[in-house]
Amino acid sequence: MASEQYHEPAEELSAETRTLVRMMTSLKEEVEAINWYEQRISLEPDPEARAIMQNAQQEEFKHFGMDLEFLLRKKDKWRTTLKEILFKSGDIVELGEKGEEKAE
Ligand SMILES: [Fe+2]
């Protein structure tokens with residue numbers, strides 16, 4: 001359903017917000033696809049079928065990354081927060097707290 005992605009009246013939202021909503025919906029769908037492939041791969045006994053599903057899951061990683069990067073380019077505080085968390089070693093909760101402080 002087209003309206004299920006909105007919590008507020010869509011006609012009252014700006015075009016920019018509607019684009020963000022579409023991209024966040026896409027991001028959720030890519031994670032869902034990654035999740036479904038993960039489960040199928042873990043149970044599939046046929047190696048060729050498993051290889052095809054692994055290839056498809058790899059595509060979903062790419063889609064997720066592109067969606068996320070688009071959103072981070074539009075949302076400075078989100079980008080600032082994630083810059084402190086992603087691709088770093090150390091305590092994830094502490095990194096998250098640091099990211100949150102930087103974004104304030
Ligand atoms: Fe996808």
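Mentor: The questions below concern charged pairs, accessibility and a metal site. Please keep in mind that this is a predicted model.

Trainee: Why is the contact between K62 and E59 called a salt bridge?

Mentor: The closest N and O atoms of K62 and E59 are 3.2 Å apart. The term requires a side-chain nitrogen of Lys or Arg within 4 Å of a carboxyl oxygen of Asp or Glu, so the pair of K62 and E59 qualifies at 3.2 Å. By this rule, the count comes to six salt bridges.

Trainee: How are K62 and E59 placed along helix α2?

Mentor: They are three residues apart in helix α2 (residues 47–74), and therefore about one helical turn separates them.

Trainee: What makes K62 partly exposed?

Mentor: Its relative accessibility is 42%. Buried means under 20% and exposed means over 50%, so K62, at 42%, falls in between. E59 is also partly exposed, at 35%.

Trainee: How do you know that R79 and E69 form a salt bridge?

Mentor: Their side chains meet at 3.1 Å, N to O, and the cut-off is 4 Å, so the term applies. This pair links distant parts of the chain, with R79 in helix α3 (residues 76–85) and E69 in helix α2, 10 residues apart.

Trainee: Why is E84 called buried, whereas K102 is called exposed?

Mentor: E84 has a relative accessibility of 8%, which is under 20%, so the word is buried. K102 has a relative accessible area of 51%, which is over 50%, so the word is exposed.

Trainee: What joins K102 and E84?

Mentor: Their side chains meet in a salt bridge of 3.3 Å, N to O. K102 lies in helix α4 (residues 92–103) and E84 in helix α3, so the pair ties together parts 18 residues apart in sequence. Salt bridges that share partners join E84, K88, K98 and K102 into one network.

Trainee: What makes E30, E60 and H63 donors of the iron ion?

Mentor: E30 (OE), E60 (OE) and H63 (ND1) coordinate the iron ion at 2.0 to 2.2 Å. A donor must be an N, O or S atom within 2.8 Å of this metal, so these atoms qualify. Along the chain, the donors follow the spacing E-x29-E-x2-H. E30 lies in helix α1 (residues 15–43) and H63 in helix α2, so this pair ties together parts 33 residues apart in sequence.

Trainee: Are E30 and H63 buried or partly exposed?

Mentor: E30 is buried, because its 14% is under 20%. H63 is partly exposed, because its 23% lies between 20% and 50%.

Definitions and conventions: Residues are numbered from 1 along each chain as its sequence is written. This is a predicted model: local features need pLDDT of at least 70, side-chain atom pairs count only at pLDDT 80 or more; totals for chains, interfaces and linings use all residues. Side-chain values use heavy atoms; hydrogens and water are left out. Helices (H or I, at least four residues) and strands (E, at least two) are DSSP runs, numbered from the N terminus. Buried means under 20% relative accessible area, exposed over 50%, partly exposed in between (1.4 Å probe, protein chains only). Donors are N, O and S atoms within 2.8 Å of the metal (3.2 Å for Na, K and Ca); water is not among the atoms, so sites may look incomplete.
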